[in-house]
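Kindly read each point with the structure in view.

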Amino acid sequence: MDDVAREIRLVGRPQGFPGEDLFEVAETAVPVPADGQVLIRNAYFSVDPYMRPRMNDVRSYVAPFTLGEAMTGGAVGRVAVSRNPRYAEGEWVVHQLGWREWALSDGSALRRLDASVAPVSTALGVLGMPGFTAWYGLFVLGAPTEGETVLVSGAAGAVGSAAGQMARIAGCRVLGSAGSEEKLGWCFRELGFDAVFNYRDQSPRHALAELAPDGIDIYFDNVGGDHLEAAIGALRAHGRVVACGSISRYNDAEPAPGPRNMFMVVTKRLRLQGFIISDQYDRFGEFTAQATEWVRDGRLLYRETVVDGIENAPKAFLGLLRGENIGKMLVKVGPDE
């Protein structure tokens, strides 16, 4: 067993786009579990868009990160030492203790993982929180019916790529936006999107006029900003906006004006609903049963962008904010078998 455990701590608050100087790699002793505790050797931890607002010291649906403490978030690892009768050494578990090589838990917030189903990394991606977010947002809030047209922004990300494929499973026509030709090619050629556009080359409003001249029925919003305004303009009467995230606005130093066509929410009788997936975990089992079957039979494909080494976690996180990932962005910090 290692003698030293490394973790990533937040040491400053960002103004605009964050820099690597806001993070530090700290070394501590590997924790020794007391009675009732388990020591976990992490294999992967997740970097996610929602972590950017948590870097700010403002009120939100979840508390901000505390300066000088390790960043928290989804991680998957193996129980190395157990002093808790509910967990055996060698078991794989998912937890929220985040950006560290070793994690100490009392067992109350661990979820067992069946490593025979899929690679353990998928518990942080297509079979974890991002996949669940796509499933709940699309099927519960979007409520698609066969033949409808669905637009997904951030289509090559962990949530967007899953949401687009799920919309295809539901029998919908699926449009997607992404920021590179490689991402667009993956969505179109491999994931089965019906049409895609590069928002860096073509405005969402013009793209939708070309790709969906008769309008859209559902917009799965991961981006906000000009995408949301364009989608509101393109939605048919009784259309739905599933408001999942607004990554285009997370680094704004000052609040940006909202969509200028919000009056259409009334005139078109639109439904715009936001959600926080942590409120919905009573349905996680229903999601995993369906999604695992889709992954096994090839209807739900995924990719992972894996950055090796805990010291590179800040680079991975900032790369995520710049859109450098395809699929789920992960940091590998330990053995995964």
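1. Which residues lie nearest the centre of the largest cavity, and how many residues line it? The model under discussion is a predicted one. Its largest cavity has a lining of 14 residues. Nearest to the centre of that cavity are Gly 125, Val 126, Ala 158, Tyr 302 and Arg 303.

2. The volume of the largest cavity is about 80 Å³, and the count of cavities of 30 Å³ or more comes to one. Sorted by class, the lining of the largest cavity consists of six nonpolar, five polar and three charged residues. Helix H3, which covers residues 158–169, supplies four residues, the largest share of that lining.

3. Helix H3 deserves a point of its own. It contains twelve residues, and the distance from its first C-alpha to its last is 17 Å. This is close to the 16 Å expected at 1.5 Å a residue. After H3 comes Gly 171, which has a positive phi, near 85°.

4. Is H3 largely enclosed or largely open? Ten of its twelve residues are buried, so H3 is largely enclosed by the rest of the structure. The buried residues are Ala 158, Val 159, Gly 160, Ser 161, Ala 162, Ala 163, Gly 164, Gln 165, Met 166 and Ala 167.

5. Ala 143 has a phi near 45°, which is a positive value in a residue other than glycine. Ala 143 is placed in the loop between helix H2 (129–142) and strand S8 (149–152). With a relative accessible area of 37%, Ala 143 is partly exposed. His 238 is not a glycine either, yet its phi is positive, at about 70°. The place of His 238 is in strand S12, residues 235–243.

6. The whole structure holds 16 salt bridges. Among them is the one between the side chains of Arg 6 and Glu 101, at 2.9 Å from N to O. This pair links distant parts of the chain, 95 residues apart. Arg 6 belongs to strand S1 (residues 4–10), whereas Glu 101 is in the loop between strand S5 (92–95) and strand S6 (102–105). Arg 6 counts as partly exposed, at 27% relative accessibility, while Glu 101 counts as buried, at 6%. Arg 6 and Glu 101 are also linked with Glu 311 in a network of salt bridges.

7. A further salt bridge joins the side chains of Glu 148 and Arg 240, at 2.8 Å from N to O. Glu 148 is in the loop between H2 and S8 and Arg 240 is in strand S12, so the pair ties together parts that are 92 residues apart in sequence. Glu 148 is buried, with a relative accessible area of 12%, and Arg 240 counts as buried at 11% relative accessibility. The loop that holds Glu 148 also holds Ala 143, and strand S12 contains both Arg 240 and His 238.

8. How far apart are the closest N and O atoms in the salt bridge of Glu 324 with Arg 322? They are 3.8 Å apart. Glu 324 counts as exposed, since its relative accessibility is 52% and the cut-off for exposed is over 50%. Arg 322 counts as partly exposed, at 42% relative accessibility.

9. The search of the whole structure finds 14 aromatic pairs. One of them is the tilted pair of Phe 132 and Phe 287, with 5.5 Å centre to centre and 35° between the planes. Phe 132 is in helix H2 and Phe 287 in helix H8 (residues 284–296), so this pair ties together parts that are 155 residues apart in sequence. Phe 132 is buried, with a relative accessible area of 0%, and Phe 287 is buried with a relative accessible area of 0%. Both residues belong to one aromatic cluster, which also includes Trp 135, Tyr 136, Phe 275, Tyr 281 and Phe 284.

Conventions:
Residues are numbered from 1 along each chain as its sequence is written. Side-chain values use heavy atoms; hydrogens and water are left out. On a 1 Å grid over the protein atoms alone, a cavity is a set of points where a 1.4 Å probe fits but cannot get out, and a pocket is an open set with protein on both sides within 12 Å along at least five of seven lines; lining residues have an atom within 4 Å of a point. Grid points are joined across faces, edges and corners, and a volume is the space filled by probe spheres set on the points. Helices (H or I, at least four residues) and strands (E, at least two) are DSSP runs, numbered from the N terminus. Ala, Val, Leu, Ile, Met, Phe, Trp, Tyr, Cys and Pro count as nonpolar, Asp, Glu, Lys and Arg as charged, and the others, Gly among them, as polar. The expected span of a helix is 1.5 Å times one less than its number of residues. Buried means under 20% relative accessible area, exposed over 50%, partly exposed in between (1.4 Å probe, protein chains only). A salt bridge is a side-chain nitrogen of Lys or Arg within 4 Å of a carboxyl oxygen of Asp or Glu. Rings of Phe, Tyr and Trp (its six-membered ring) pair if their centres lie within 6.5 Å; planes under 30 degrees apart count as stacked, over 60 as edge-to-face and the rest as tilted.
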